[in-house]
Amino acid sequence: MPPRRSKQPDAKPAKPAKPELELDESPGSGSIEGLNPEDPGIRLLARELATVDPRELLLVHCGDLPGVRAGATRLILDVRERSGSPHSCLADVAASSPIREPRFAQAAIWPRAHLGKDFSERCLAIATLAVREGGRVLCAVRKQKGGKSLGRTLEALVGEANVEVIERERGYHLWVGHRGPSCDLALADELLARSYTFEVGTSETSQPRPLELTGRPGVFSRRELDGGTQALLRVLAAVADADARAGLDDPRTVIDLCAGVGPLALSAARRWPSARVLAVESNLRASQLIRENAEHASLGERVVVVESDGMPARGGPASELTNEFRGADLALLNPPTHADPHTLTRLLDLRGWLAREGRLMVVVNRPHPTVDILASLGAEVRGGERDGYFVLEARWS
């Protein structure tokens, strides 16, 4: 690709001054999973789009941009984003684009680096297909966090001559691509169709074939089974074998909290053929993948999937699905590594869900915060290191 030529200072007419924005210091409904209204990239997008007609605007996983008028269409990834937004929220769960026709004049993207480059490229593809000819795709990205690479992807989608950096702030660049007749629709479809298949092994002679799971951009551990889950599965197999030798009953109900794409939930359903399993996950794309993976493994009838940030509230909309799991025999948890103490406490407090002799098995990188929280909740805790992680068992007497 030839080097980009710098434009002369007088090549463009002077831009009108961007409106000054008063940004709310408190986190809003879009301020989760790395969405920070104080981020310089968010500021760049917000200033550029403050005067845009919201009916002409698509917000592609960039939260509620401060200063943007209510009424835009906003793609969301997490169940917590469903409420509190002034915009029309649309869940992005399928492999294809959630926007079916090019009807927007502007589409904004703020990449979430922790979700990977493939998810950012998916966002660029969605935006490119969603704007009509002459429309703009805006992407604010940190120069040192993949900015040039995503700029090249945008150039490949709409053409190098149609892409420029229009503003910079504190190491962030605001890229703008103009959709023209030469837009590469095939590349956009290719970026949208990305998926990954990996196996979850089994130590059981009754299940000789590994469990096969599908992951897609935007979910945790999308390409392969993560190390923490592997460690927990190995300990779970050893515990199950020990229980069987002792003549103990198999679990009848199992909860998998923070289920991801379902490796723990589906492994439990396969290990105990009579068990019912509740998979709880806040990521909407991951929740959909659990359903698809369960159907593929012929486990769909015994795996209940609930989209929730933690265990659903009693009497809430998911009560009809989850009431049978109160008094569960076993709960499995691989919590987010970035969970703050309040969130971790909320996830670990399963006293209202486990049976009197029920157990919680949790895997973590650092044991002490989790052990301290469980002890403060009145649990008896034991466990130890496995494969570089710590697998803990908690019981409430």
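In this predicted model, Asn334 is placed in the loop between strand S13 and helix H9 (341-348); helices (H or I, at least four residues) and strands (E, at least two) are DSSP runs, numbered from the N terminus. Asn334 has a relative accessible area of 15% and is therefore buried, a word used for residues under 20% relative accessible area, with exposed meaning over 50% and partly exposed the range in between (1.4 Å probe, protein chains only). The side chain of Asn334 forms a polar contact of 3.1 Å with the side chain of Asp226 and another, also of 3.1 Å, with that of Thr229. A polar contact is a pair of N or O atoms within 3.5 Å; within protein, one must be able to donate a hydrogen and the other to accept it, and residues adjacent in sequence count only if both atoms are side-chain atoms. With residues up to four places away in sequence left out, Asn334 touches Phe220, Asp226, Gly228, Thr229, Leu257, Cys258 and Val363, where contact means heavy atoms within 4.5 Å.

Residues are numbered from 1 along each chain as its sequence is written. Local features need pLDDT of at least 70, side-chain atom pairs count only at pLDDT 80 or more, and totals for chains, interfaces and linings use all residues, while side-chain values use heavy atoms, with hydrogens and water left out.

Strand S13 (residues 328-333) contains Asp329. Because its relative accessibility is 18%, Asp329 counts as buried. The side chain of Asp329 reaches the backbone nitrogen of Arg252 at 2.7 Å. Asp329 and Pro251 are separated by 78 residues in sequence, yet their C-alpha atoms are 5.4 Å apart. Apart from neighbours within four places in sequence, the contacts of Asp329 are Pro251, Arg252, Thr253, Ala355, Gly358 and Arg359.

Thr229 also takes part in the contact between two helices. The axes of helix H5 (residues 227-245) and helix H6 (residues 263-271) come within 11 Å and cross at roughly 20 degrees. Axes are lines fitted to C-alpha atoms, for helices over the stretch in contact, and angles run from 0 to 180 degrees between N-to-C directions. H5 and H6 are therefore roughly parallel to each other; angles under 35 degrees count as roughly parallel, over 145 as roughly antiparallel, 65 to 115 as roughly perpendicular and the rest as oblique. H5 contributes Thr229, Leu232, Leu233, Ala237, Ala240 and Asp241 to the contact, and H6 contributes Pro263, Leu264, Ser267 and Arg271.

Helix H3 (residues 143-158) packs against helix H4 (residues 185-192) at an angle of about 130 degrees, with the axes 7 Å apart. H3 is therefore oblique to H4. Thr153, Ala156 and Leu157 of H3 meet Leu187, Ala188 and Leu191 of H4. Among the buried residues of H3 are Gly147, Leu150, Thr153 and Leu157. The buried residues of H3 pack against helix H2 (117-130), strand S5 (131-142), strand S6 (163-169), strand S7 (172-178) and H4. Gly159, with a positive phi near 105 degrees, follows H3.

Arg74 lies in strand S2 (residues 73-76). Arg74 is buried, with a relative accessible area of 0%, and its side chain makes a polar contact of 2.7 Å with the side chain of Glu81.

Over the protein chain there are 10 helices and 16 strands. Of its 397 residues, 54% are buried.
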